[in-house]
Amino acid sequence: MMLALKILGVIFGLLMAGTGIHLMCVPLAAVDALSAVIPTVLGIVLTVSSVTRFIRWTQLKSSGASDGLLFWESVLGFVFGVSLLLSYWLRASIAVSFSLVITLWASLLLLSKGITGIVRAFQMKKANQTLVNWGRFTFNWVLQLVVGIALTLIGIISALNPLLTMAGIGIIVGVNVTIYGISMVFGSLVML
């Protein structure tokens with residue numbers, strides 16, 4: 001079971017990283033692609049990765065080593081993933097530009113990731129631990145705090161300027177998806 005979760009995490013992490021790199025390389029086409037293939041791919045990947053995060057949360061909860069942050073991330077990712085999967089039908093049923101709705105959802109996701117990153121950084125500092133140690137690179141609480149603050153600021157800016165954000169959504173979402181995909185790969189590789 002754990003090997004299957006590890007393999008799924010690596011595969012979907014690589015898919016997310018590849019999608020993020022594509023969004024960063026072609027940012028103007030990404031706005032058009034948001035109404036076609038990208039929401040479906042991201043929806044599938046986010047939904048499946050959220051389910052695997054929820055499974056991981058239940059395993060950690062049974063051992064007493066879980067907090068609510070992993071649960072929150074899995075629920076928010078699941079809701080965002082399902083809404084992306086339903087984006088074709090949602091666009092037909094609402095009058096608002098769906099690119100604006102996706103921009104606001106992405107802002108919420110970035111803001112949530114940033115806030116949970118900040119909370120996790122202070123939890124790590126309090127516990128005096130590192131999150132992951134990969135040889136020379138140690139993902140300590142300071143780096144977690146910097147990433148959390150950056151994601152929070154990007155989420156706030158995206159929420160305050162949704163029309164401006166739509167112009168650069170390929171880059172903003174691309175960076176987040178790439179970082180999330182890479183962290184999924186490394187997180188899956190170090191998963192017990």
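So, which helices each supply at least two residues of the nonpolar patch?

What we have here is a predicted model, where local features need pLDDT of at least 70, side-chain atom pairs count only at pLDDT 80 or more, and totals for chains, interfaces and linings use all residues. Residues are numbered from 1 along each chain as its sequence is written, and side-chain values use heavy atoms, with hydrogens and water left out.

Confidence comes next. pLDDT is the predictor's confidence in each residue, on a scale from 0 to 100. The protein averages 76, and 75% of the residues score at least 70. By element, helix α7, residues 141–160, has the highest mean pLDDT at 86, while strand β1, residues 132–134, has the lowest at 52.

Now the layout. The protein has nine helices and two strands, and along the sequence they run α-α-α-α-α-α-β-β-α-α-α. Those elements are DSSP runs numbered from the N terminus: helices are H or I with at least four residues, strands are E with at least two.

On contacts, meaning heavy atoms within 4.5 Å: of those in the protein with a separation of 6 or more, 75% are between residues 24 or more positions apart. As for burial, 39% of the 192 residues are buried. Buried here means under 20% relative accessible area, exposed means over 50%, and partly exposed is in between, using a 1.4 Å probe and protein chains only. The protein exposes about 10300 Å², with carbon and sulfur atoms supplying 76% of that. Accessible areas come from the Shrake-Rupley method with a 1.4 Å probe, and for residues only the protein chains shown count as cover.

Back to my opening question. The helices are α3, residues 37–63, and α4, residues 68–85. The patch itself is Val 51, Phe 54, Phe 71, Val 75, Phe 78 and Val 79, with about 450 Å² of accessible area together. Helix α4 gives the most, four residues. For the rules: patches take residues with over 30% relative accessible area and no salt bridge, joining like charges within 9 Å and nonpolar side chains (Val, Leu, Ile, Met, Phe, Trp, Tyr) within 5 Å. A salt bridge is a side-chain nitrogen of Lys or Arg within 4 Å of a carboxyl oxygen of Asp or Glu.

Let me stay on α4 for a moment. Val 75 sits in that helix and is partly exposed, at 33% relative accessible area. Beyond its neighbours within four places in sequence, Gly 81 is in contact with Gly 43, Leu 46 and Thr 47. Its C-alpha is 9.2 Å from that of Val 41, which is 40 residues away along the chain.

Over on α3 we find Trp 57, buried at 13% relative accessibility. Trp 57 and Ser 74 are 17 residues apart in sequence, with 8.6 Å between their C-alpha atoms.

Next, helix α6, residues 98–127, and Lys 113. Is this lysine buried or exposed? Buried, with a relative accessible area of 16%. Lys 113 touches Arg 53, Glu 73, Leu 151 and Tyr 180, leaving out residues up to four places away in sequence. Leu 108 is also found in α6, and at 39% relative accessibility Leu 108 is partly exposed. Leu 108 and Ile 156 are 48 residues apart along the chain, and their C-alpha atoms are separated by 8.5 Å.

Last stop: Thr 178, in helix α9, residues 169–190. Thr 178 is buried, at 10% relative accessibility. What does its side chain reach at 3.3 Å? The backbone nitrogen of Ile 21. That falls under polar contacts: pairs of N or O atoms within 3.5 Å where, within protein, one must be able to donate a hydrogen and the other to accept it, and residues adjacent in sequence count only if both atoms are side-chain atoms. Apart from residues up to four places away in sequence, Thr 178 touches Met 16, Ala 17, Gly 20, Ile 21 and Met 24.

Okay, that's my tour.
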